[in-house]
Amino acid sequence: MNAISVTSLGSLMPEIILLIGGLLILILDTAMSEENDSGRGYMAIAVVFLLAAIVPVYLLLNTKPHTALMVVDVDPFAVFMKFTIYIGMALVAITGGSFMNQHVKGRGEFWTLFMFVTIAMSLAVSANNLILLFLSIEFLSITSYLLVGFIREDQRSSEAGVKYFLYGSVASSIMLYGMSMLYGATGSLMLVDIGKGFAANKDLGTLVLPAVLLVLVGLGFKTSLAPFHQWAPDTYEGAPTPVTAYLSTASKTVGFAVIVRVLLIGLGSFSHEWVPILAGLSIFTMTVGNLVALRQTSVKRTLAYSSVAQAGYILMGLVAVVSSTQGDLKTLAMNGLNGLMIYLFAYLFTNVGAFMVVMAVEAFTGGSDISAFENLSRRSPALAWSMFIFLLSLTGIPLTGGFMGKFFVFGAAVQHQYYWLTAIALINTGIAGFYYLNIIRAMFFGTSGIGTYAGEVAASGEGTVATSAMSISIPIQIGLVICVIATVWIGLYPPSVIEWANNASRTLLGLGS
């Protein structure tokens, strides 16, 4: 057994920093009166500690893969996922913090939960033990339920929180049953030992299919894979927009990271059992997400179904993952897993940026219907052009991060000769382009604005919402600049990010660097 040492604690320094930040906010919240609580101090503490946690994550890049405290893997894959999560949560805190401080009561409670949910995500992506996996995912889920329904005065927020909780509790119980089957079959809670147990005893293969199906119910819920996505549209629409941004990016990253670890490490020897399941889920998810998105009139709800469809594309990377028995994989540019990682990294900046534009429009017009985006290019060119870039990225247009993600996952599928899967994905990409272009049409070629704010402006005699200039807060401006630059930068094939994803994926696949 590994003793608790300074090295082990050093490997967990990112989580320790986040824990200190969360506890500091909690202590300050108990000491301060609510009347003097603007929330800005808590927001600043959250941002500082999130950024501070990135430093030890960066330092872990140069360490050899090892296990801390017996249950936490410290490897390039975990480091990559933690970096993605911390960056995403920092962006949400910077751009959406002021919005939350204005609309919620108990600001200290909100920011404490915000820090703790980040810790849960950080542990989940590096856990190698079924108990820690389940506990971290459950802690992530419970805190997410609370954050979604945190604006108690908003009926939609409360309703979204209840729906999210009801779906999540059922999904978690089914996932736990699947994990219990893995433990019962192998007698171990460690993913590595589970993998060895299944590989050594092929008679256990009859349990793989039901176990995978049950586990995928819970993890499919976290990643909004169809048919486990029913919660996503109502939750995304009803939750505070900053919380929606986090659910669609950081939380989704966690779900995919856990799926990767469970399937590749725990059930890698039975990939022929679960690859067809994932392929079917990928096709069903991207098709359902895109077709239903065509009928939406709310941009926020459209992005929710878009998020479902994007999960289908991301899953293609795991469908097309390669193993060490299929050739000299060290020289392969596309091993499937690196495409999944690059896609998640690019998707983070694209989707956070898109939801920040939605938040700014909501604050000005009082809604997120397509009518609220009419003539946005006249009211706020910066918002319109930023949204334009994000929508191009979601579509997969070259020179954007979304294209780079699709290039790697589609390329891996073609390399695996999954031509049918690639063809269906390309057709879905064309379908998605229709509703993305519809938003672009409204922003640049709209005729009038008929959002909630329109009547107020008209009544005041100050013109129409279609011509009224919109102001953008400085935090949102900063966030949008970061997201736009990152989206374009990733689209230009940055060698550092690509090589990082390549090395991390090879390590997890057992290929070496």
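Reader: How much space lies in the largest pocket?

Author: About 590 Å³. Keep in mind that this is a predicted model.

Reader: What makes a residue part of the lining of the largest pocket?

Author: A lining residue has an atom within 4 Å of a point of the pocket. For the largest pocket, 32 residues line the space. Leu 264, Ile 265, Gly 268, Leu 508 and Leu 509 lie nearest its centre.

Reader: Which helices and strands each supply at least two residues of that lining?

Author: Two strands do: strand 1 (66-68) and strand 2 (72-74). So do helix 8 (191-200), helix 12 (250-266), helix 13 (271-293) and helix 22 (495-508).

Reader: How many residues of this lining are nonpolar, polar and charged?

Author: There are 14 nonpolar, 14 polar and 4 charged residues. Gly counts as polar, so Gly 268, one of those nearest the centre, falls in the polar class.

Reader: What does the second largest pocket look like in numbers?

Author: About 340 Å³ of space lies there. Its lining has 19 residues. These divide into 5 nonpolar, 8 polar and 6 charged.

Reader: Which residues lie nearest the centre of the second largest pocket?

Author: Phe 99, Asp 154, Arg 156, Lys 300 and Glu 362. Asp, Glu, Lys and Arg count as charged, and Phe as nonpolar. Therefore Asp 154, Arg 156, Lys 300 and Glu 362 are charged, and Phe 99 is nonpolar.

Reader: Why is the second largest pocket said to lie between two domains?

Author: Because domain 1 (1-174 + 228-257) and domain 2 (272-513) both give residues to its lining.

Terms used:
Residues numbered from 1 in each chain as written. Predicted model: local features only at pLDDT ≥ 70, side-chain atom pairs only at ≥ 80, totals over all residues. Heavy atoms only, no water. 1 Å grid on protein atoms, 1.4 Å probe; cavity = no way out; pocket = protein on both sides within 12 Å on 5 of 7 lines; lining within 4 Å. Points joined across faces, edges and corners; volume = space filled by probe spheres on them. Helix = DSSP H or I, 4+ residues; strand = E, 2+ residues; numbered from the N terminus. Domains from an automatic or database assignment.
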